[in-house]
Amino acid sequence: MLMGPYTVINLLGILIQAIFVQNILLATFLGMCTYLACSATLKTANGLGIAVVFVVTCSGLLNWCVHTFITGVGALSWLSFIGVDGAALNLGFLEFIIFISVIAAFVQVLEIMIEKFSPALYVALGSYLPLITVNCAILGISLFSATKDLPFIPNFVYIFASGIGWWLAIALIASIREKLTYSHIPRGLNGMGITFIMTGLISLAFMGLGGIALDQPSSKQVENYVTQQPSLEPALPEDKVL
């Protein structure tokens, strides 16, 4: 449940894979709205990046618990201890609604904290802070982690690294845009035009790592893990053993 067949080396592979190889923004282009709107300065980009990492990690862990124990296939089998056949129940149709509700709750908590401790950042982010609730990157990370069906600790590493990857992407484009303010850019490309071009070039650089798979345990690790699990088959009485 906690680690499964994964080792510490596999966790490092998941970290590298989620940040660089499968970057949530530069590989799947999720979360582009706030990426484009809040990347004019590096300070604002860093503030939003930290906020996204916090929301992604906290909501992702809780959404993993929701998927594992409530909405996943056979997730309600634990109800058998009260005499309810929960394995036959499927609440998967509620997964999207619950995931979004969890994300919205954490965004509200984050908004209160930023307004309290960093009013300048709160004003700089403006309406884009509550819009983290509908940032498709955050929901996408929770859905991807549910699809991957990772144990708890590998899932924690994946969602945290995915948030760091989004932060890295917005910090990169913000640092470039700050330099571009002192550059001579053709009028037709000034603004969003040159931003899209730079995003495409950064994305091409990251996609050059495509095909590298570092996040999967070896077949031998999986085999060893399966053989170490206790058998669920009831033992036969000695007089019945052939």
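Q: Quick one to start: where is Phe29 found?
A: Phe29 sits in the loop between H1 and H2. Helices here are DSSP runs of H or I with at least four residues, strands are E runs of at least two, and both are numbered from the N terminus. Keep in mind that this is a predicted model, where local features need pLDDT of at least 70 and side-chain atom pairs count only at pLDDT 80 or more, while totals for chains, interfaces and linings use all residues. Residues are numbered from 1 along each chain as its sequence is written, and side-chain values use heavy atoms, with hydrogens and water left out.

Q: And what is the phi of Phe29?
A: Near 55°, which is a positive value in a residue other than glycine. Phe29 counts as partly exposed because its relative accessibility is 37%; the cut-offs, with a 1.4 Å probe and protein chains only, are under 20% for buried, over 50% for exposed and partly exposed in between.

Q: OK, what about Asp149: which loop is that in?
A: Asp149 lies in the loop between H6 and H7. Phi of Asp149 is also near 55°, again positive in a residue other than glycine. With a relative accessibility of 60%, Asp149 counts as exposed.

Q: Let's zoom out. How many helices and strands are there?
A: The protein chain has nine helices and zero strands. Its C-alpha atoms fill a box of roughly 90 × 40 × 30 Å along the principal axes, and buried residues make up 40% of the 242 residues.

Q: Which residues have the most contacts in the largest nonpolar core?
A: Tyr35, Leu48, Ile132 and Trp166, in a core of 49 residues. Such a core is a set of buried Ala, Val, Leu, Ile, Met, Phe, Trp, Tyr and Cys residues joined through side-chain atoms within 4.5 Å. H7 gives the most to this core, with ten residues.

Q: What does Leu48 touch, skipping residues up to four places away in sequence?
A: Leu48 is in contact (heavy atoms within 4.5 Å) with Thr34, Cys38, Leu125, Ile132, Trp166 and Ile170.

Q: Switching to Phe106: which helix is that in?
A: Phe106 belongs to helix H4. Leaving aside neighbours within four places, Phe106 contacts Val55, Cys58, Ser59 and Leu62.

Q: Now the second largest pocket. What lines it?
A: The lining is Ala40, Arg177, Leu180, Thr181, Ser183, Ile185, Asn190, Gly191, Ile194 and Thr195. Helix H7 (152-180) and helix H8 (192-207) are the elements giving two or more residues to that lining. A pocket is an open set of points on a 1 Å grid over the protein atoms alone where a 1.4 Å probe fits, with protein on both sides within 12 Å along at least five of seven lines, and lining residues have an atom within 4 Å of a point.

Q: How much space lies in that second largest pocket?
A: About 170 Å³.

Q: Last topic: where is confidence lowest and highest in the chain?
A: By pLDDT, the predictor's confidence in each residue from 0 to 100, helix H9 (residues 219-228) is lowest with a mean of 76 and H7 is highest at 94. Over residues 232-236 the pLDDT is below 50, and beyond near neighbours in sequence this stretch has one contact in the model. Where pLDDT is low, the predicted coordinates should not be read in detail.

Q: And what is the mean for the protein chain?
A: The mean pLDDT is 84, and 94% of the residues reach 70 or more.

How values were computed:
Grid points are joined across faces, edges and corners, and a volume is the space filled by probe spheres set on the points.
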